[in-house]
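Please open the model in your viewer and keep a selection panel at hand. The stops below go from one group of side chains to the next, with a note on what to look for at each.

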Amino acid sequence: MVSFTLSLVALVLGYLVYGRLVEKVFAPDDRVTPAVAKADGIDYIVLPNWKIFMIQFLNIAGTGPIFGAIMGAQFGPAAYLWIVLGCIFAGSVHDYLGGMLSLRNGGINQPEIIGNYLGKTTKKVMLVFAVFLLMMVGAVFVYSPATLLQGLCTEHIPSVSFLSDSVFWINSIFLYYLIATMLPIDKIIGKVYPLFAVSLLFMAAALLVMLFVKHPDIPEIWEGLSVEALTPDAIFPCLFITIACGAISGFHATQSPLMARCMKSEKQGRPIFYGAMITEGIVALIWATVAMYFFYNQPTPGYEMMEGGKDIINKAPSIVSIICDNWLGLFGSILAILGVVAAPITSGDTALRSCRLIIADFIHLEQRSIRKRLYVCVPLFAAVIALLVWQISDANGFKTIWNWFGWSNQTLSVFMLWAITVYLVQQKKPYIITLVPALFMTVVCVTYLFSAQLFKLDGTISAIIAAATLLVALVWFVVWHRKVTNLTNK
């Protein structure tokens, strides 16, 4: 618990100290924001500061800092280091600067930000990449909550037969997605999301209190890699893909423009973008510690004291439900349902909303008209349904999509970090704050792509390819930087 306490303090200090330094690098000012200049009552609309924070937090969080942290805790206390260092020096910087670049450039979407600094060809690649990632989010976050709702109804209200049918829940969630994607952002998302965000934060706070009450005997950071991992996966690169939300996640860059279009002032950026990411890191830290109690508590691991035992060690939703039931009682069960059902649904609908806006911006189709919103939504939802049908019909469909989703998510962060680095160089600002995370995440994603999880190459070959990629990236950057410097000095 000493490592947990120190990590918690470090995240708070990261916001207060490093967050302010990053804010000074960007230098927000009093210029008119897109929410005022482009107000349309649909996507560009001024919302209260607290509400924007809550929506941003839930948009980027969902179940990511819960499930990812639980599975990442199987690597032992190394999870603490990645959550703290990743969140402060990579994820929060990525979210803040990405969100501020959208805000300063008229509320543009992530592919456009990347295109502005990495070129039109990269923009087109990222457009396709982002659309497929968001479609995968929509498909994954329909199936998992629908299955959980089906199970809950089968167990508690078996007499209502249609509620025990997963097809009913899939259709219901899709209908909600369509409505939430189509309506103005303040009608459903602006009203419902803050409530879900409060529930998610309250659940984390309650578990935080219980952790200090129970004070479990779990591994500390200084025990290093000597702690036996509960997963056969290699700590590098798998830990850095498994824990995305809570450390760094490319998905966040697709969500930040939604809130950049609702902010009245640039000076709201640090608490909204950097602050929401630090908050997500704290939630991930709490769940990683809860999971370590479940996996490693001495002298008796938590799973031996709870129903289900070691058989559910790889089932994050079951761990959430059991921990909340045992520690928080009936109220905890309700919060668990919100955590594992409502949170992924809210991530899915904003993912598809972002997808609609990205496609509409690319084809220059205004979105004031319901008819023109349908032009984008109908084929978009048809594609997501096709992906969902394949996922359900294939026994390995969910695992396949999840592996590719994890890699795609972090690869998206790589391109965003490189785009921000180019911006900082052009503006003669300290670019090192994004160059180091960009290089690190480049190596992580290349290694994972060629590892046993995806292309299934030998570990040595994957490492050689990753090292070569790192060298190429460094050479490219140095050559480009010298060219830019020479041009500006003439």
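Begin by selecting W418, Y431, W476, F477 and W480, which form one aromatic cluster; here rings of Phe, Tyr and Trp (its six-membered ring) pair if their centres lie within 6.5 Å, and planes under 30 degrees apart count as stacked, over 60 as edge-to-face and the rest as tilted. Before going further, note that this is a predicted model, in which local features need pLDDT of at least 70 and side-chain atom pairs count only at pLDDT 80 or more, while totals for chains, interfaces and linings use all residues. Residues are numbered from 1 along each chain as its sequence is written, and side-chain values use heavy atoms, with hydrogens and water left out.

**Aromatic pairs**

The structure holds 26 aromatic pairs. Select F240 and F440, whose ring centres are 5.2 Å apart with planes at 85°, so the pair is edge-to-face. Because F240 lies in helix α10 (residues 235–242) and F440 in helix α16 (residues 432–449), this pair ties together parts that are 200 residues apart in sequence; helices (H or I, at least four residues) are DSSP runs, numbered from the N terminus. F240 is buried, with a relative accessible area of 14%, whereas F440 is partly exposed at 33%; buried means under 20% relative accessible area, exposed over 50%, and partly exposed in between (1.4 Å probe, protein chains only).

W418 belongs to helix α15 (residues 397–426) and F477 to helix α17 (residues 459–489), so the pair ties together parts 59 residues apart in sequence. Both W418 and F477 are buried.

**Two loop residues**

Next select Q367, in the loop between α13 and α14 (370–393). Which side chain does Q367 reach through a polar contact of 2.8 Å? The partner is the side chain of R356, a polar contact being a pair of N or O atoms within 3.5 Å where, within protein, one must be able to donate a hydrogen and the other to accept it, and residues adjacent in sequence count only if both atoms are side-chain atoms. Q367 counts as buried, at 8% relative accessibility.

From there, move to T33, in the loop between α1 (2–26) and α2 (34–37). T33 and Q367 are 334 residues apart in sequence and 19 Å apart in space, C-alpha to C-alpha. T33 is buried, with a relative accessible area of 2%, and a polar atom of its side chain lies 2.6 Å from the backbone oxygen of M263. Leaving aside residues up to four places away in sequence, T33 touches L103, M263, K264, S265 and E266, where contact means heavy atoms within 4.5 Å.

**A residue in α11**

Select S256, which lies in helix α11 (residues 251–260). S256 is buried, with a relative accessible area of 2%, and touches Q56, D95, G99 and F273, again not counting residues up to four places away in sequence.
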